[in-house]
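These are my notebook entries on one structure. I looked up its cores, strands, salt bridges and surface in turn.

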Amino acid sequence: MSKFLTRLALVYVWALVAVRLIYMLIGDWKWPIIIPMMFFAVLLVPVAIAWAIALRSRSRFLLIGCTLLTLLAVQMYFPRFNRANAETGAATFTVVSFNVLGVNPDPENVARIVAEADADIVGLQEVDSVMANTLETVLAEQYPYQWHDPQGIPGMGILSKHPFERQPFESNSIWVGQTQPVILDTPHGEIAWVNQHYIVTAPFTRDPVEFTNIINWTFDERTVNAQETLNWQSAVVGERPMLVTMDFNGTDFSDAYEVITSGNLADTWLEVGRGFGFTFPPFGTHPLAVLPFPYLRLDYILHTPEL
């Protein structure tokens with residue numbers, strides 16, 4: 001049994017090391033890299049058991065693998081716990097991105113959460129008609145400027161304390177929700193803002209070939225989504241600062257993330273947040289919600305350096 005556990009630990013540790021190193025070299029190659037990189041944080045949990053097996057068995061190859069995997073994990077996640085706080089004293093502009101989970105049975109609670117956050121702008125994803133009507137009614141005074149596209153899971157909504165002008169957004173790719181692009185008129189000047197919901201990876205099929213093909217395609221399509229956002233920035237934004245609120249449906253270890261942050265759009269959480277920043281899935285709300293805490297980082301706010 002001890003030899004079996006040692007071999008099992010060897011396979012586990014070196015497989016994750018290989019996945020991480022291959023991703024660092026070539027990115028989202030295909031599903032054998034895509035899937036474990038997406039769930040890498042969860043897959044790291046058994047490393048403590050692997051360490052115990054390595055120390056007990058004194059397997060040199062396993063000890064080396066555990067050490068290398070631990071170093072890779074530290075390189076990936078430790079910087080997120082060592083971020084500087086935002087500077088104080090400057091004029092502030094507060095932003096919320098909030099996926100309200102499609103047919104939400106408690107829109108009044110969503111309105112309460114938004115009201116208490118009291119941000120300047122709120123980007124909403126998965127807005128249905130009941131949610132839109134509730135927010136328009138309850139938050140009319142706090143957010144006089146609203147734009148809702150209530151379609152349930154593909155639904156979108158923006159709430160703003162400041163007036164805005166809607167803008168066109170050219171797209172030839174597939175999204176969950178239709179992008180909401182606006183130019184905000186704020187006391188700090190004009191700010192370009194897009195609220196987005198990127199294509200989801202949801203291969204509901206029992207055919208293993210179709211399953212892997214869908215995964216590969218959705219990750220490629222999400223990269224196209226990201227490029228279209230940058231195209232909009234180039235065509236419309238000009239010298240204005242820019243904000244993005246989004247359900248990205250991808251982690252920050254993906255080619256699409258590399259694209260969306262390849263210009264001057266910075267990841268707000270990685271600048272001033274602290275911790276893993278996981279946002280999905282809330283326990284009991286999704287087939288993947290098997291743990292009592294979120295373990296995927298799928299939701300983001302991005303900003304240009306002026307902000």
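**Entry 1: basis.** I worked from a predicted model, in which local features need pLDDT of at least 70 and side-chain atom pairs count only at pLDDT 80 or more, while totals for chains, interfaces and linings use all residues. Residues are numbered from 1 along each chain as its sequence is written, and side-chain values use heavy atoms, with hydrogens and water left out.

**Entry 2: surface at leucine 25.** I found leucine 25 exposed, because its relative accessibility is 74% (buried means under 20% relative accessible area, exposed over 50%, partly exposed in between; 1.4 Å probe, protein chains only). Leucine 25 belongs to helix H1, residues 2-26 (helices, H or I of at least four residues, and strands, E of at least two, are DSSP runs numbered from the N terminus). With Ile22, Ile26 and Trp29, Leu25 makes up a nonpolar surface patch of about 460 Å² accessible area together. Patch members have over 30% relative accessible area and no salt bridge; like charges are joined within 9 Å, and nonpolar side chains (Val, Leu, Ile, Met, Phe, Trp, Tyr) within 5 Å. The areas come from the Shrake-Rupley method with a 1.4 Å probe, and for residues only the protein chains shown count as cover.

**Entry 3: nonpolar cores.** I then turned to the largest nonpolar core, which has 25 residues; Val13, Met37, Phe40, Leu62 and Leu69 have the most contacts inside it. Such a core is a set of buried Ala, Val, Leu, Ile, Met, Phe, Trp, Tyr and Cys residues joined through side-chain atoms within 4.5 Å. H1, H2 (31-38), H3 (40-43), H4 (47-57) and H5 (60-77) each supply at least two residues of this core, and H1 gives the most, with 8 residues. Beyond its neighbours within four places in sequence, leucine 69 is in contact (heavy atoms within 4.5 Å) with residues including Tyr12, Val13, Phe40 and Val47. A second, separate core has 22 residues, among them Val194 and Leu302.

**Entry 4: strand E4.** I asked how many residues of E4 (156-160) are buried. The count is 5 of the 5, so E4 is largely enclosed by the rest of the structure. E4 pairs antiparallel with E2 (121-125) over 5 bridges, where pairing requires that DSSP finds at least two bridges between the strands. Glutamine 125 stands opposite methionine 156. E3 (145-149) is also antiparallel to E4, again through 5 bridges, and histidine 148 has glycine 157 as its bridge partner. The E3-E4 hairpin has 6 residues between the strands, and glycine 152 takes a positive phi near 80° there.

**Entry 5: salt bridges.** My search of the whole structure returned 6 salt bridges, each a side-chain nitrogen of Lys or Arg within 4 Å of a carboxyl oxygen of Asp or Glu. Aspartate 252 and arginine 297 meet in one of them, at 2.9 Å, N to O. Aspartate 252 lies in the loop between E8 (242-247) and H9 (255-260), and arginine 297 in the loop between H10 (268-272) and E10 (299-303), so the pair ties together parts 45 residues apart in sequence. Aspartate 252 is buried, with 5% relative accessible area, and arginine 297 is buried at 3%. Salt bridges that share partners join Arg80, Asp252, Asp267 and Arg297 into one network. Glutamate 116 and arginine 112 form another salt bridge, at 3.2 Å, N to O; both lie in H6 (107-117), 4 residues apart, about one turn of the helix. Glutamate 116 is exposed at 58%, whereas arginine 112 is partly exposed at 41%.
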